[in-house]
Amino acid sequence: MSHSAEINLAPELQGLSEREVEQQRSAGNGNNAILQTGRSYSQIFQENLFTFINGIFFAISLVMFKLGRAGDAVLVVIVIFGGVLVNIYQEIWAKRQLDRIALLSRPKATVIREGTQRNIDPSEIVRGDILVAQPGDQILVDGSVVGNGRMEVDESLLTGESDHIPKQLGTPVFSGSFCVSGTAYYEAEKVGSETVAYKLVSGARAYRRSLTPLQVEINLVIRVFMLIACFLWVLVGISFLSSSYSPNEIAQRAAVIAGLVPAGLLIAITLSYGLGAVRMLGQDVLIQQANAVESLSNVDTLCLDKTGTLTTNNILLHEVLPIGMTEAELRSLLGDFAANATAGNRTSQAIAQVCPGQSLAPKAEIPFSSARKWSALAFDQGDRRGTYVLGAPEMLTTNLLLDTVLKDYIQAGTEQGLRVVLFAYSPDPTAIQEIEAPYLPLELKPLGILRFSDELRPEAYETLQGFAQAKIEVKIISGDNPQTVAALAKQAGLTEVRLVSGMQLAEMDEAQFNQAAISNTVFGRITPEQKAHLVSVLRKSGRYVAMIGDGVNDVLSLKQANLAIAMESGSKATRGVADIVLLKDSFGALPRAFLEGQRIRNGIQDVLKLFLVRTICVTLLIFATAIVTDNFPLQNKQSAIVALIGVGFPTMCIPIWAKPGVMPRRTMLRSMLHFIIPSTLSLTVVSLLVYLFYLVVAVLELPPGLDPAQIDHAIPRSALVTILVMGELLLIPFLKPPTTAWVGGEPLSGDWRYTIVSLTLLAVYLLIVSIPPLRRFFELYPLGTVNYFFIGLVALEWCLIQRFLWRSRFLDRFLGVDLS
């Protein structure tokens, strides 16, 4: 957290001069490690180019060249690698946009140079620099503590253990850890590639691949079709050894089979993520993980902290109640306490704003910790001699007594949504010790009760209502009193308030804890470890959990969540582990981000429907024609034009034009069966009948005495290509019905753009078959106007049959299941 004034823990530290800084930088002792906001350029190229299926296509293209079929080889390269290059371009463009924004929001380093504090970019740190670490700051380089400061550090990003490690003079600190409490200086000893965390890219922003449910299902689809393709390749290889097929025919079939693997799905997904991330930049949302926006559409449970999320974190001292002294005396004591607290937080800053104090020399200090929920200062001289403690009443009342009136005053404040803090005193200046696990002084005397107010964000009510309408359960997890949190939650519009405290959770066994995590909506006086455990329990129960936080105490729970969201004003460590950062603390941008996630998911689902219909249909045709005719239905170029016009080009528009909408709470594949199964089976049957019809015609037109096995399959294959292209293009208005006449497999869209694209692509196909050079390139036979008109009528008849199948739910009743 930020501190309102410069700390002064080691006034003798002057830091480096500008000349010494230049000398260190010239000697190669600069912190030149690059902070990544995503995949590197080399990763983008490797993951797009060097895939298994691309290797297969590359090998096939080489075989085509070897067999003298340069046209087929060039087509493979253009279709596959052309798409890859487009994908690479889109990813690099999106990466540059995100890098530019991330650079602006990158946390600064606070260093001491020539006796003054200044903020610099982490890349400007050099060996020998003196850096400042305050609560929430990430340790940016390796070094050791200098001066008389003291802090507690979380090294879980390095060790996996969340224990808070005390650091004081001479103790080493490591990059990748972060300050939890206290304030200290440390000297940079190892920078750049020498640091411990260099392989972790000096923090938690390094790209990490965490797949969403949608990505998991699409990977499953691709792998299933990869297995089918491998099986068919084995059969093709066996047929080559056991029959008289030429190497050219074998290469053709291998290329068609390779096209069954819907590799273009990955292109569509990446394009959708890139466009979504760039679109969100204009809405004050920084995407640090490529799939984070789409991941938001899967969220069914949203956990958030109260302070800084529901509220503005603009804490004001509302009123003070002195106990055994005048208000002026209490305010004077509070002012001195706030003025001498080296590890300031929002509470001490609120006190310092209205209670001026003098700088003294504390004998000992226990900085505030979210786990302890109290802080303390000890003085051993003057009229301030003794130990002063400021903390949550529940924690301090274990070592002091309050009468009923004071307890009622505390309770009334919490029920109003105010933060209530107790100020107490022990005459013993040695009552606290700066040890790893400090304990609360045993005999305390209450000095006063403080009430703080925190303003609700103006957009809090509307935002929570938006999540309620989306059927996302909101759980508020805070370190404040449960009654205070509940009161603010009600003001923010949370209707179902069921609360439990951290102390109650601590007394529960695992089963009771799990049940409490699921059934309650407000959690107060929660420690960081309990918060992380709550998120973990919700995930294990099958929830898809998003966690919003801003403080260093939220880091553990953010790491446990499916989706981590941080506020820009939050601690550097919090922003470091987040998948999404809300720039300008735009809590109200979350509903828009949620709608963007729905749009991306809906677009990808529509793309997947078209891919699956085309891929399954061609797979069934391969088996069907092999059984009926002992032949292969398509050549490589013919398969390519079916893929390009029927699926490839349409899927470039679908992710861009997709609209948000509530998703069914079930698997994506399950929700698509109603559209895919009837359309795939009916299109396969119609296509096979058209192919067999023209094959029979070709056999009947053979001259007498000619072996039927020697017939030219150009006409049947051209007819098959035509009916497949028409059928796939006619599926587009069924997918996004512009009028009620097309409603069957999907609800009414009213968007004519999809239908216009379908008609345009149909015109492109007819143009190709009417231009001889293009027709010959794709190995298509001119069927003539009558035949194209006939196939068009067949396609329209298929539309009527298909609409009947959807509307009558024929397959649902036949199979005895609900496919919708």
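By a nonpolar core I mean a set of buried Ala, Val, Leu, Ile, Met, Phe, Trp, Tyr and Cys residues joined through side-chain atoms within 4.5 Å. Please keep in mind that this is a predicted model.

With that in hand, how many residues does the largest nonpolar core have? It has 119, and the residues with the most contacts inside it are Leu 304, Leu 310, Ile 565 and Ile 641. Helix H22, residues 590-628, gives the most to this core, with 16 residues. Apart from that core lies another one, of 24 residues, including Cys 303, Ala 517, Val 535 and Met 547. As a reminder, nonpolar side chains in soluble globular proteins tend to be buried together.

Let's look at Ile 565 for a moment. Leaving aside its neighbours within four places in sequence, Ile 565 is in contact with Leu 296, with Ala 546, Met 547, Ile 548 and Gly 549, and with Leu 558, Ala 578, Ile 580, Leu 582 and Leu 590.

Now for the helix pair. Helix H23 (residues 636-648) packs with helix H26 (residues 714-735) at an angle of about 15°, and their axes are 9 Å apart. Angles under 35 degrees count as roughly parallel, so H23 and H26 are roughly parallel to each other. Their crossing is right-handed. On the H23 side, the contact is made by Gln 638, Ile 641, Val 642, Ile 645, Gly 646 and Val 647. From H26 come Arg 717, Val 721, Leu 724, Val 725, Glu 728 and Leu 729. Sorted by type, the residues of this contact are eight nonpolar, two polar and two charged.

On to the backbone. Most residues other than glycine have a negative phi. Arg 525, however, has a positive phi of about 55° although it is not a glycine. Arg 525 is found in the loop between strand S18 (522-524) and helix H19 (528-540). Is Arg 525 buried or exposed? With 7% relative accessibility, Arg 525 counts as buried.

Glu 779 also has a positive phi, near 55°, and sits in the loop between helix H28 (772-777) and helix H29 (785-808). At 23% relative accessibility, Glu 779 counts as partly exposed.

One last stop is Ser 501, in strand S17, residues 499-501. Ser 501 counts as buried, at 8% relative accessibility. Not counting residues up to four places away in sequence, Ser 501 touches Pro 482, Gly 524 and Ile 526.

Terms used
Residues numbered from 1 in each chain as written. Predicted model: local features only at pLDDT ≥ 70, side-chain atom pairs only at ≥ 80, totals over all residues. Heavy atoms only, no water. Axes fitted to C-alpha atoms, helices over the stretch in contact; angles between N-to-C directions. Helix = DSSP H or I, 4+ residues; strand = E, 2+ residues; numbered from the N terminus. Parallel < 35°, antiparallel > 145°, perpendicular 65-115°, else oblique. Left-handed = near helix turned anticlockwise from the far one by under 90°. Contact = heavy atoms within 4.5 Å. Nonpolar A, V, L, I, M, F, W, Y, C, P; charged D, E, K, R; others polar. Buried < 20%, exposed > 50% of the residue type's maximum accessible area, 1.4 Å probe, protein only.
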